[in-house]
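Please open the model in your viewer and keep the selection tool at hand, as this tour goes from stop to stop.

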Amino acid sequence: MVRDGQGLELSDAGEGAVAALDFVRQEWLAFGNRFAPFIEAADKEEKCPMLPLVAAGLMLTMYSQESHAAAARYCARAKAMAAGATPREQAWLIGIESWIAGDLDRSAQAFEGIVAQWPRDLLAAKLAQIHAFNRGDAEALLRIGAEIAAANDDRFVLAMHAFGLEECNRLDEAEALARRAVAIDRRDPWAHHAIAHCLEARGRMLEGVAFLESVADTWEGCNSFMYTHNWWHLALFLIDLDRTDEALALYDRRVWGVWKEFCEDQANAVSLLARLELRGVDVGSRWAELATYLKPRLHEHYSAFHDVHYLYGLARAGEASAVTEMLASLEDRAERAKPFERETWAGCTVPLAHGLAAHAKGDSAEAARLLGQAMPHLRTLGGSIAQRALFGAIHLDALTRSGWNDAALALLQADERERPTVAATKRALAELYKRVGRTEQALAAEYQAEQLARRYRATATATARTTPGTTPGTTPGTIGETA
Ligand SMILES: [Fe+2]
């Protein structure tokens with residue numbers, strides 16, 4: 001029987017089919033954007049079911065009505081070619097079919113099963129990790145990474161393993177593996193991403209900016225998710241360095257605008273604008289412009305994580321009727337939830353969405369109450385620790401504004417313990433200490449905030465001096481002008 005480049009058996013595969021599958025595996029794992037030749041090959045293929053199955057998998061990771069419908073068409077074609085399918089191909093068919101039918105639990109099990117039996121199948125591992133990521137299951141993310149690491153000597157696998165370690169808070173091991181991947185090939189954007197997460201988790205912002213800037217020239221051939229998301233990570237570092245004007249410039253030039261109809265780009269954009277506003281930045285008319293791309297998504301519900309981003313974007317844009325319609329639709333979705341997803345939709349998404357809507361219209365007390373209900377279930381929303389931190393930050397803002405000082409203080413102190421280098425956290429702590437009459441601690445926090453801020457200003461000025469033609473904190477040219 002014919003085998004692909006990973007040594008995996010393929011039924012009814014000609015030379016062209018093998019080449020197409022080997023190409024798409026590399027391109028997908030490298031977060032490239034050259035998928036058109038593979039889609040063309042999958043459209044023409046009449047014998048080998050793996051081509052339409054992989055095409056369906058690609059479509060399903062795009063979370064839109066059109067891509068879902070396309071996945072269903074590819075799946076039907078694969079089924080028609082499946083008479084002589086290998087056991088692995090049959091398992092793929094189950095994974096894709098159950099995903100299309102909304103049985104994500106079964107789909108996740110199917111892809112994890114493939115990884116366990118055929119750990120050289122890196123696209124099955126990619127899809128299994130996507131399922132784990134989408135349900136906030138960090139242990140599964142790591143388990144899959146470890147399984148493929150044992151069977152493949154591959155830089156892509158190092159990065160996939162590293163991200164699982166990072167989401168399990170095993171930061172030193174994660175960073176070491178990701179840096180090994182970069183040492184093998186400095187163009188690995190998923191390894192850059194894993195390193196960014198490790199640095200973010202410990203508040204190592206200066207290192208984060210320096211590292212991402214040093215590799216940003218390699219992202220030009222990335223797909224829009226990876227391109228905008230790595231720039232989003234750089235913007236997060238800048239926000240925590242008090243360089244919010246540069247982060248806003250990144251929103252305009254890198255994070256938003258590559259593919260405005262794509263859910264991942266939209267989530268990055270909503271998250272970045274929200275974080276900038278939480279730091280007091282006026283984002284102007286950007287919410288209104290962004291909301292025009294969110295309005296068609298009110299009833300999709302492919303991913304709770306994306307849904308709450310859409311909802312907050314619409315709410316901040318003042319799209320009251322769209323928000324009301326989406327909240328009702330989310331409640332319906334929660335009522336239809338299968339047992340394995342009930343906590344995600346009913347326990348987390350519904351109170352979170354209502355809390356976000358309340359926060360967006362300035363009802364802080366109601367927002368604090370509702371977000372407080374969602375927080376214990378937040379992990380089940382999916383996404384990464386860094387992405388979900390947005391909702392913790394909005395909850396904290398609502399608590400602070402509505403005078404729940406003790407609860408806000410506890411959250412801020414926990415933030416400070418994890419990331420003691422963020423001046424804004426120290427400033428917020430100082431304000432709260434003042435409110436509750438702890439003057440000495442307020443003064444100490446204020447002093448530490450100023451020390452940090454001075455250090456960051458000095459670094460930004462020194463960087464600008466060594467980068468001709470830039471002015472610190474005022475132009476997008478101060479960062480990432482490497483492309
Ligand atoms: Fe990330």
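At roughly what angle do the axes of helix α1 and helix α2 cross? Select residues 15-29 for α1 and residues 36-44 for α2: their axes come within 10 Å and cross at roughly 145 degrees, where axes are lines fitted to C-alpha atoms over the stretch in contact, and angles run from 0 to 180 degrees between N-to-C directions. Helices here are DSSP runs (H or I, at least four residues), numbered from the N terminus. The contact is made by Gly16, Ala20, Phe23 and Val24 of α1 together with Pro37, Phe38 and Ala41 of α2, contact being counted if C-beta atoms, placed from the backbone, lie within 7 Å.

Before going further, note that this is a predicted model, in which local features need pLDDT of at least 70 and side-chain atom pairs count only at pLDDT 80 or more, while totals for chains, interfaces and linings use all residues. Residues are numbered from 1 along each chain as its sequence is written.

Next, select residues 304-316, which form helix α17. Here 13 of the 13 residues are buried, so α17 is largely enclosed by the rest of the structure; a residue is buried if 20 or more other C-beta atoms lie within 10 Å of its own, and exposed if 12 or fewer. Just after α17, glycine 318 takes a positive phi of about 75 degrees.

Finally, select glutamate 440, found in helix α24 (residues 439-466). Glutamate 440 is exposed, with 8 other C-beta atoms within 10 Å.

Key:
Helix = DSSP H or I, 4+ residues; strand = E, 2+ residues; numbered from the N terminus. Contact = placed C-beta atoms within 7 Å. Expected span 1.5 Å × (residues − 1).
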